[in-house]
Amino acid sequence: MLQDMITGKRPLFVSDVHTELRAQVNRKRRINLLQGNLTTNVRTEESGVSARVYKNGVYGFSSMADYSNEAVQAVLKAATENAVFMDSHIKKGKGMFPTIPFATQALNYQVSDVDQKRYIEFVKEIDNYIAVKYPSLASRMVIMSEDSMEKLLSVSDGLDTHTVIPRSYIYLFLNTETKDGVPIEQFKPIGGFGNFSDQFTDPALLFPEVDKLYDVTMQKKEGIYAEAGYKTVILGGDLSGMLAHEAVGHTVEADLVLGGSVAAHNLNKRVASDLVSMVDFAHTYEGAMAPLPVYVDDEGTPAEDAVLIKEGILTGYMNSRETAKHFDMKPQGNARAYLFSDEPLIRMRNTAVLPGKSKLEDMISSVEDGYYLTNTNNGQADTTGEFMFGISMGYEIKNGKLGRAILDTTISGVAFDMLKTVDMVSDKMTWSSSGFCGKKQPMPVGMGGPQLRCKVMIGGR
Amino acid sequence: MDDVKKIAQGTIEALQAEGAEKAQCTALVSEKREFNVDGGEFSLFRTLFDKSLSLMAIKGHKKGNIAINRFDDEAVAAAVKDCIAVAESASEDEAWDIAPKQEDRKVVQGAPEADVDLLFSRTKELLKDINERFPKIIVEQMIVSHEKTNKVYCNTSGSVFDVTDGVYEVSVMFSGHEGEVASSFFGSGVITADLDTPFIELGTLKKDLADVEQQIHQKPFEGKFTGTILLTPGCLGSFISSIVSNFASDGVLLDGTSLWKNKLDTKVADERITIHIRPEDDRIVCPEVYTNEGFLSEGYDLIQKGVLKQFKLSLYVANKTGHPRAKNSAFSCVIEPGDTSYEDMVKNIKKGIIVGRFSGGNPGTNGEFSGVAKNSFLVEDGKITGAISETMINGNLADILNNLVAISKETVCDGMDVLPYMAFDGIVISGK
């Protein structure tokens with residue numbers, strides 16, 4: 001656990017500016033077993049202290065890899081000097097943002113460590129199960145990844161906090177090829193919030209997941225190429241979560257709105273059918289913990305849900321304290337930094353399309369000629385909302401019935417056009433949290449959604 | 001100031017004392033100064049003081065890695081013990097190894113000392129140049145920095161490399177706007193060792209800004225055809241990176257899924273294509289001095305006149321597969337230019353598109369790719385007829401290398417790679 005050298009340093013803060021002082025440690029543990037070869041066997045820790053100072057519309061920031069009283073004083077001094085330098089040259093003359101009442105929040109979770117040997121043995125048992133039971137696979141890989149961010153924050157106004165976000169996952173990759181030699185890869189992440197020892201107790205408990213992934217891989221081995229064109233599809237929960245994050249979420253981050261994103265001209269306008277609502281959840285979803293909970297952000301703002309789309313109308317942005325002032329909105333705890341040496345940026349937390357009332361089986365039976373797209377292996381979008389998602393698993397739908405699996409393809413569209421075509425939303429929610437969002441810095445994020453019936457461009461061959 | 005060399009050497013001695021038969025260590029200190037512009041306005045000035053210590057130990061043919069960012073005695077001692085424990089936990093694998101003794105090197109390259117005032121002036125000048133010369137452009141984010149790093153590598157073979165680098169880096173994300181109509185965003189960047197030239201004159205920044213202004217009124221087109229794609233240098237770099245990753249890198253050679261696994265010294269591309277991985281090229285800023293395993297870096301040809309000459313392999317995978325290791329672990333890609341001007345390349349296209357950026361899924365190991373052509377123009381009968389949106393391209397990474405139309409005689413260097421424009425045929429291009 002981080003030693004507290006932060007609390008009590010407020011007297012060192014300069015008056016008439018906003019100051020954030022943060023100590024942080026990021027831990028990573030990783031094991032890669034490729035075809036039984038231990039290709040990665042790594043433990044890393046990065047720790048240090050940083051300060052950020054806001055003065056008249058500009059920020060100064062400084063960080064040091066040391067964590068000592070001297071380092072705390074040094075980063076406060078350098079950050080203040082940098083803010084003064086910028087203010088004297090740029091002269092924006094913007095005032096301070098509204099204050100947040102002082103409070104404190106104590107640590108609510110303890111990070112625990114595991115010997116590397118235990119990780120390796122765990123992964124080896126799974127790998128051995130795959131190798132023995134499914135020898136005909138072209139190749140296999142099992143990855144264990146555990147990471148955590150622990151932060152101590154002291155701010156000139158707002159919440160002083162001690163927080164930690166730990167995640168642990170096992171990733172399974174199975175490879176084979178079709179009779180025509182087309183390579184097939186399927187992967188599945190298993191895990192979520194918490195220490196490895198909390199998530200994983202017995203490798204045998206994961207064997208059914210291996211079996212399910214193998215079955216899907218074999219279905220795909222017999223798969224066909226999708227027919228290219230503008231098609232009616234049902235997006236699975238992984239895909240609607242990706243859509244919420246990549247194609248809509250980024251465009252409603254207020255810093256990107258100021259950079260000219262499509263959301264700049266669409267506030268309080270219809271951007272989706274009235275079946276679509278979208279929220280960036282802070283820490284709680286339907287009374288339970290959201291995948292990666294954020295209770296206070298790195299500007300000392302208490303986190304609350306940000307409603308982005310309500311019944312098809314774009315209702316809000318995600319903000320820092322600075323952009324919230326600019327747009328006359330309430331900051332809701334979206335300013336987060338990845339490493340001690342990173343400044344807080346506007347980031348998503350747990351972004352999701354809300355579930356509706358339709359049943360998946362009714363949605364499938366309603367499609368005469370289309371696809372049910374269940375899994376994605378990557379996604380990209382730009383600030384116009386135009387998106388591209390890689391489809392790693394899906395099925396054709398013919399006359400209301402699921403048909404053959406399809407081979408890898410891509411879908412594309414423009415988010416605020418495509419969301420207007422959503423005409424059925426399922427009642428089942430799927431969450432994921434195993435990836436990193438990239439925006440100058442990486443950041444662990446959660447995303448989720450129900451199945452959506454809509455129209456997109458699908459790539460064929 | 002930490003004595004980086006002393007820390008690296010002390011760490012190697014400690015790893016040996018703890019039983020490591022072979023070990024390597026890199027100690028690094030860095031200072032970074034960075035200006036940020038967001039939404040077209042200066043927003044942030046950062047000063048970062050960082051350090052890292054990376055350890056690798058091999059004991060009984062078992063390998064472990066540890067990385068920390070502290071140099072104090074207690075932290076280093078704990079990291080050494082942890083590294084040995086991690087190695088002892090691993091499986092035996094005789095392929096793990098490090099380089100034998102190399103000639104020691106002490107290198108200072110680039111611009112080790114930052115001129116912060118001039119850096120700030122050049123940054124302001126760039127913002128002013130963009131605002132005045134490209135008024136329809138909104139700078140979403142601009143990051144301009146100088147970073148000085150001093151790293152010392154030591155290993156149990158007795159090699160010591162002491163390298164100090166200083167690099168200025170410019171990265172700009174922008175989009176074009178007219179009222180509510182906007183182009184896709186685009187990123188352009190360059191690294192440089194001096195501040196002699198206005199930033200707007202470096203790399204492809206000026207052309208990229210001009211192109212994006214022309215893409216504001218991008219439109220989807222109807223239909224589907226098989227035609228030519230002309231890749232800009234920046235877009236070509238991402239395709240070459242995918243080709244290397246799919247056919248010539250560690251993972252696909254180790255698991256045997258590379259289409260090129262049996263193709264060393266055979267033709268895999270048009271004979272006009274030569275791809276060097278050449279850190280010693282004098283256009284590359286602060287090139288790699290030594291490899292990840294402690295060899296002195298040398299250039300090599302990945303593809304020479306269409307023939308595959310080398311995989312991009314680490315020592316470990318080279319030992320596992322029996323193929324030669326790559327003589328550097330950088331990606332300083334230098335592609336030989338052709339004899340056609342860019343202008344003539346466009347004129348020679350019957351029907352195709354100029355692709356500025358590709359937003360696609362990860363290509364399969366068979367090289368099939370599919371994705372959206374971003375920041376792109378339609379070309380018909382040798383003329384650019386408009387910017388396009390919502391356009392998908394499908395093809396195969398292995399096939400395109402044999403479907404080369406032309407390579408430009410112009411090349412562009414962004415400080416990291418030297419790349420021409422390249423045009424390929426046989427791509428399926430689908431509109432809405």
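Which residue does A:Asp280 stand opposite in S12(A)? A:Asp280 stands opposite A:Ala306.

## Basis of the model

The model is predicted, and local features need pLDDT of at least 70, side-chain atom pairs count only at pLDDT 80 or more, while totals for chains, interfaces and linings use all residues. Residues are numbered from 1 along each chain as its sequence is written, chains are lettered from A and ligands numbered from 1 in the order in which they are written, and side-chain values use heavy atoms, with hydrogens and water left out.

## The interface of chains A and B

Chain A places 66 residues in contact with 74 residues of chain B, where contact means heavy atoms within 4.5 Å. The area buried between the two chains is about 5500 Å², and carbon and sulfur atoms give 52% of it. Buried area here is the accessible area (1.4 Å probe) that two parts lose on being put together, summed over both. On the chain A side, A:Arg43, A:Glu386 and A:Lys440 lose the most area to chain B, together 10% of what that side buries.

Ten salt bridges are found across the interface, a salt bridge being a side-chain nitrogen of Lys or Arg within 4 Å of a carboxyl oxygen of Asp or Glu. B:Arg46 and A:Glu343 form a salt bridge, with their closest N and O atoms 2.9 Å apart. S2(A) gives the most, with ten residues. By class, the chain A side has 24 nonpolar, 27 polar and 15 charged residues. In this count Ala, Val, Leu, Ile, Met, Phe, Trp, Tyr, Cys and Pro are nonpolar, Asp, Glu, Lys and Arg are charged, and the others, Gly among them, are polar.

## Strand pairing across the interface

Helices (H or I, at least four residues) and strands (E, at least two) are DSSP runs, numbered from the N terminus. Two strands pair if DSSP finds at least two bridges between them. S2(A) and strand S3 (residues 62-68) of chain B run parallel and are joined by three bridges. Within S3(B), B:Asn65 is the bridge partner of A:Val42, and B:Ala67 is that of A:Thr44.

S3(B) also pairs within its own chain, in the antiparallel sense over seven bridges, with strand S2 (residues 41-59) of chain B. In that pairing B:Met56 stands opposite B:Asn65. S2(B) and S3(B) form a hairpin with two residues between them, and B:Gly60 in the turn has a positive phi of about 60 degrees. Five of the seven residues of S3(B) are buried, so this strand is largely enclosed by the rest of the structure. Buried means under 20% relative accessible area, exposed over 50%, and partly exposed in between (1.4 Å probe, protein chains only).

## B:Asn65

Leaving out residues up to four places away in sequence, B:Asn65 touches A:Asn41, A:Val42, A:Arg43, B:Leu55, B:Met56 and B:Val86. The side chain of B:Asn65 also makes a polar contact with the side chain of B:Lys63 (3.0 Å).

## A six-strand sheet in chain A

An open sheet of six strands in chain A has the order S13-S12-S9-S16-S25-S22, with mixed pairing. Its edge strands, S13 (313-314) and S22 (430-432), each pair on one side only. Strand S9 (residues 278-281) and strand S12 (residues 306-310) of chain A pair in the antiparallel sense over three bridges.

S9(A) and S16(A) run antiparallel and are joined by four bridges, with A:Phe281 opposite A:Asn350. S16(A) and strand S25 (residues 446-449) of chain A run parallel, joined by three bridges, and here A:Asn350 stands opposite A:Gly446. From strand S16 (residues 350-353), A:Asn350 and A:Ala352 point one way and A:Thr351 and A:Val353 the other way, and all are buried.

Conventions: Polar contact = N/O pair within 3.5 Å; in protein donor to acceptor, adjacent residues only side chain to side chain.
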